[in-house]
Amino acid sequence: MIALDSSVGDPDCDVKDKEALIVGELEDFILEYDTELQLAFNTIADVDCILAFSSNALDRGYVRPLVVPASENCIEIRNGRHPLQEVVLENNFVPNDTVIDSTNLLNVITGRSKKSFTEICIIPKSTNC
């Protein structure tokens, strides 16, 4: 073993030195494209979110809302659902209707709490939606 070390040297150090050199060159190469890589990763993250939302919407039967012109000054929701509440409450979730416009100045939402109390939420409505 000693004879081999004296004739060949210490290959472990040579391998580690070469590895550090390769990693350093790779880092320099990657840093040259830092801006492009960040843009690509951000785009991939956006696509991933859109796919997750669309997959969840398809699985749960969500539909695209009908958007009316702002001049109509209203929001009307029929069988409104909340994605997180639906998951937490499983089959106990009750969809809600709501209308917010210039004639409906108050919105009252009722429901059960975790402790089986009835909760009432009164939301004053703005006539300037």
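**Helix packing, surface patch and salt bridges**

The chain has four helices and four strands. The model is a predicted one. Read from the N terminus, its elements follow the order α-α-α-β-α-β-β-β. The chain holds 129 residues, of which 6% count as buried.

Helices H2 and H3 span residues 11–32 and 34–60, respectively. Two packed helices are described by the angle between their axes and by the distance between those axes. For H2 and H3, the angle is about 70° and the axes lie 5 Å apart. H2 is therefore roughly perpendicular to H3, since angles of 65 to 115 degrees fall in that class. On the H2 side, the contact involves Ile 30, Leu 31 and Glu 32. On the H3 side, Asp 34, Glu 36 and Leu 37 take part.

H2 and H3 each supply at least two residues of a nonpolar patch. The patch consists of Leu 26, Phe 29, Ile 30, Tyr 33, Leu 37, Phe 41 and Ile 44. Together these residues have about 680 Å² of accessible area. Ile 30 and Leu 37 belong to the patch, and both are also listed in the contact between H2 and H3. Ile 44 is located in helix H3. Its relative accessibility is 55%, so Ile 44 counts as exposed; the cut-off for that class is over 50%.

Beyond H3, the loop between H3 and S1 contains Pro 65. Pro 65 is exposed because its relative accessible area is 61%, and exposed means over 50%. In sequence, Pro 65 and Ile 77 are 12 residues apart. In space, their C-alpha atoms are separated by 8.8 Å.

Three salt bridges are present in the structure. One of them joins Glu 76 to Arg 78, with the closest N and O atoms 3.0 Å apart. Glu 76 and Arg 78 are both exposed. Arg 78 also forms a salt bridge with Asp 97. Here the closest N and O atoms are 3.8 Å apart. This pair links distant parts of the chain, 19 residues apart. Arg 78 lies in strand S1, residues 75–80, and Asp 97 in strand S2, residues 96–100. Asp 97 is partly exposed, because its relative accessible area is 45% and that class lies between 20% and 50%.

Another salt bridge pairs the side chains of Glu 86 and Arg 81. The N to O distance is 2.6 Å. Glu 86 has a relative accessible area of 12%, so this residue is buried; buried means under 20%. Arg 81 has a relative accessible area of 33% and is therefore partly exposed. The bridge thus joins the side chains of a buried Glu 86 and a partly exposed Arg 81.

Note on methods: Residues are numbered from 1 along each chain as its sequence is written. This is a predicted model: local features need pLDDT of at least 70, side-chain atom pairs count only at pLDDT 80 or more; totals for chains, interfaces and linings use all residues. Side-chain values use heavy atoms; hydrogens and water are left out. Patches are made of residues with over 30% relative accessible area and no salt bridge: like charges are joined within 9 Å, nonpolar side chains (Val, Leu, Ile, Met, Phe, Trp, Tyr) within 5 Å. Accessible areas come from the Shrake-Rupley method with a 1.4 Å probe; for residues, only the protein chains shown count as cover. A salt bridge is a side-chain nitrogen of Lys or Arg within 4 Å of a carboxyl oxygen of Asp or Glu. Buried means under 20% relative accessible area, exposed over 50%, partly exposed in between (1.4 Å probe, protein chains only). Axes are lines fitted to C-alpha atoms, for helices over the stretch in contact, and angles run from 0 to 180 degrees between N-to-C directions. Angles under 35 degrees count as roughly parallel, over 145 as roughly antiparallel, 65 to 115 as roughly perpendicular and the rest as oblique. Contact means heavy atoms within 4.5 Å.
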